[in-house]
Amino acid sequence: MKVLLLKDPKDKDSGPDPYVKELGLHGFEATLIPVLSFEFVSLESLFEKLSHPECYGGLVFTSPRALEAIKICLKENSKSEAWSKSLKQRWNTKPAYVVGKATASLVEEIGLTPQGEKSGNAEKLAEYICSREKPNSSALLFPCGALKREVLPTALREKGVALESLTVYETTQHADLQEALSSYFSQQGIPASVVFFSPSGVKFCLQHIQKLSGDFTNHIKFAAIGPTTADALEAAGLPVSCIAETPTPQDLAAGIRKALPLPNCC
């Protein structure tokens, strides 16, 4: 059975994409189609804020892209040296809150220790942060995307936990998206399942998929990497057959396995 994953592939240097690999272990033939392009912005401002850890109570990351923005900053020798010599150690005295394992691994790559990676979504991460932060303490620095949802900022604000947001990337549709989708459907046919990894993916892909699949749209099992993406699918009028319990390859594969039982498998 074919599964279409609407996400960017993992970095080429780090081996096979874990979602493709895990679904393959469950007997599915998974294909990736990149959906989004990202433009990084305000990087000088980002590093200026990172240069003053004394002004903040910690860091919050809800997207791997925010870590990519930091890694771009650290490509400059002078900034990399400042980070290695003192900034990294000073930030490590403060929490670095993250929403999932993918973001946690990138936090570790820049030398910080992540907390809250089992949260899985913004709502649960907000609860985790509020259970650890005192009201009216120093603000948490939150590098984020232009399309960020207000769930986490609102939840923290209601509990008196200060959050300073800084937009460090903007999201647009991948230039090759329509061509890639058309090519997939013409060559592979209608997939048994289509997996969305973000509300932006729903926004940019859904109409194309409905057009390409035509009367067979209702045969597709639509899956979501988490509740936020599932909400976007439901708002578009589609039934959601699978929501990964946590945003990991293992939980997504297990959910799709339940939604699409393979013949002669127990």
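**Exercise 1. Find how many salt bridges the rule counts, then look at one of them.**

Step 1: The count comes to twelve salt bridges, where a salt bridge is a side-chain nitrogen of Lys or Arg within 4 Å of a carboxyl oxygen of Asp or Glu.

Step 2: Before going on, note that this is a predicted model, in which local features need pLDDT of at least 70, side-chain atom pairs count only at pLDDT 80 or more, and totals for chains, interfaces and linings use all residues. Residues are numbered from 1 along each chain as its sequence is written, and side-chain values use heavy atoms, with hydrogens and water left out.

Step 3: Now pick out K7, which pairs with D17 in a salt bridge whose closest N and O atoms are 2.8 Å apart. K7 and D17 both lie in the loop between strand 1 (2-6) and helix 1 (18-25), so the pair ties together parts that are ten residues apart in sequence. Helices (H or I, at least four residues) and strands (E, at least two) are DSSP runs, numbered from the N terminus.

**Exercise 2. Describe how domain 1 and domain 2 meet.**

Step 1: Locate the two parts: domain 1 is 2-35 + 175-259 and domain 2 is 39-172, with bounds from an automatic or database domain assignment. Their centres, taken over C-alpha atoms, are 28 Å apart.

Step 2: Look at the contacts, meaning heavy atoms within 4.5 Å. Eight residues of domain 1 touch nine residues of domain 2.

Step 3: Turn to the area. The two domains bury about 690 Å² between them, 57% of it on carbon and sulfur atoms; buried area is the accessible area (1.4 Å probe) that two parts lose on being put together, summed over both. F204, T228 and P247 supply 44% of what domain 1 buries against domain 2, more than any other three residues.

Step 4: Check for charge pairing. The rule finds one salt bridge across this interface. Helix 9 (199-213) and helix 10 (227-235) each supply at least two residues of the side of domain 1 that touches domain 2.

**Exercise 3. Work out which residues A259 is in contact with, beyond its neighbours within four places in sequence.**

Step 1: Find A259 in helix 11 (residues 249-259).

Step 2: Set aside the neighbours within four places in sequence; A259 is then in contact with K221, S241 and C242.

Step 3: Compare sequence with space for one of these pairs: A259 and S241 are 18 residues apart in sequence and 6.2 Å apart in space, C-alpha to C-alpha.
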